[in-house]
Amino acid sequence: MTASMKRFLTALVTMLVLSFQVLAQNNIYDIDDSCYKAYAAAENALGTSGFNTLHAALLDACTKTGDTKALTLATLLKLSQSIQIGDEAAIEVAFDESLQVSSRTGYMQYYYFAYTKVATYYFNKHQVLKALSIASRMKEDADRLGDIYGQWNCSRFLGTVNAEMYHFQDARNYLLESVAIYDNTSDPTVRRQPLARTLIDLSDTYEYGSDSLMICLDRAIKESKTHLDIIFMIITKPRMVLADITDKILAVINNHLAQIIFAQKWTTFLFSLQNV
């Protein structure tokens, strides 16, 4: 193993450890703290017999605080539970409820996330036609509502699905469409999405060693917004390490390490103020 590769792996492992420490400290959904505590407890019980009791406590917290975002997330969590246990009748009920609640509360990113979760479930169960039918409904809704995020999400999902089926030309077209939507909108929900990950998936549709592949990888490195983006690149796409761009990735990792350490110090400082 070369010295460069050793430095690369050491930095990556360090970033993995620090990343999950930071995530564990944060209310990542920016919802009421009591709701987040109840949400985390219910989420940890997914797939178990204790889920329903903890989910009921979460719904109670949502009602008491009037936190509509937390309510939307709670509805999605119920959908996740149905998917986890594989109860397709319950999935359909929870899916419909998720669409209704997210539409009513206005958190439309979760409206399309529900579509994606259910379509992914059926795709993984080898019910491809049903999965594509759900994706088609999602696209119809996004086009009807003129929802840019919904259109981006649909293109992104269909790109992933087609890549999984080795339909690389179709996958490439959908992923290029999602990149184009990202590049040409100021919609904040779309702009928060990890473009780096889309570009990495897009790179998989090109021949290894091609100019197009290298262009995707280069831009993916430049577009990585968070430490989790770069972790995704390395863990899921080892071809990046093999593409003779290890030094570029190492530079990005070191930059994100600095950000994580700063975030940890800042969080510790804020907690210390609470105890004064």
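Student: Where does Leu71 sit?

Tutor: In this predicted model, Leu71 is placed in helix H4, which covers residues 68-85.

Student: And is Leu71 buried, partly exposed or exposed?

Tutor: Leu71 counts as partly exposed, because its relative accessibility is 26%, and buried would mean under 20%.

Student: What is Leu71 in contact with, leaving aside its neighbours within four places in sequence?

Tutor: With those neighbours set aside, the contacts of Leu71 are Leu59, Cys62, Val101 and Arg104.

Student: Switching to packing, how do the axes of H5 and H6 cross?

Tutor: The axes of helix H5 (residues 88-105) and helix H6 (residues 108-124) come within 7 Å and cross at roughly 165°, so H5 is roughly antiparallel to H6. The crossing in which H5 passes H6 is left-handed.

Student: Which residues make that contact?

Tutor: On the H5 side they include Ile91, Phe95 and Leu99, and on the H6 side they include Tyr111, Ala114 and Val118. By class, the contact of H5 with H6 has 11 nonpolar, three polar and two charged residues.

Student: Zooming out, how many helices and strands does the protein have?

Tutor: The protein has 15 helices and zero strands, and of its 276 residues, 45% count as buried. Among contacts with a separation of 6 or more, 63% are between residues 24 or more positions apart.

Notes. Residues numbered from 1 in each chain as written. Predicted model: local features only at pLDDT ≥ 70, side-chain atom pairs only at ≥ 80, totals over all residues. Heavy atoms only, no water. Helix = DSSP H or I, 4+ residues; strand = E, 2+ residues; numbered from the N terminus. Buried < 20%, exposed > 50% of the residue type's maximum accessible area, 1.4 Å probe, protein only. Contact = heavy atoms within 4.5 Å. Axes fitted to C-alpha atoms, helices over the stretch in contact; angles between N-to-C directions. Parallel < 35°, antiparallel > 145°, perpendicular 65-115°, else oblique. Left-handed = near helix turned anticlockwise from the far one by under 90°. Nonpolar A, V, L, I, M, F, W, Y, C, P; charged D, E, K, R; others polar.
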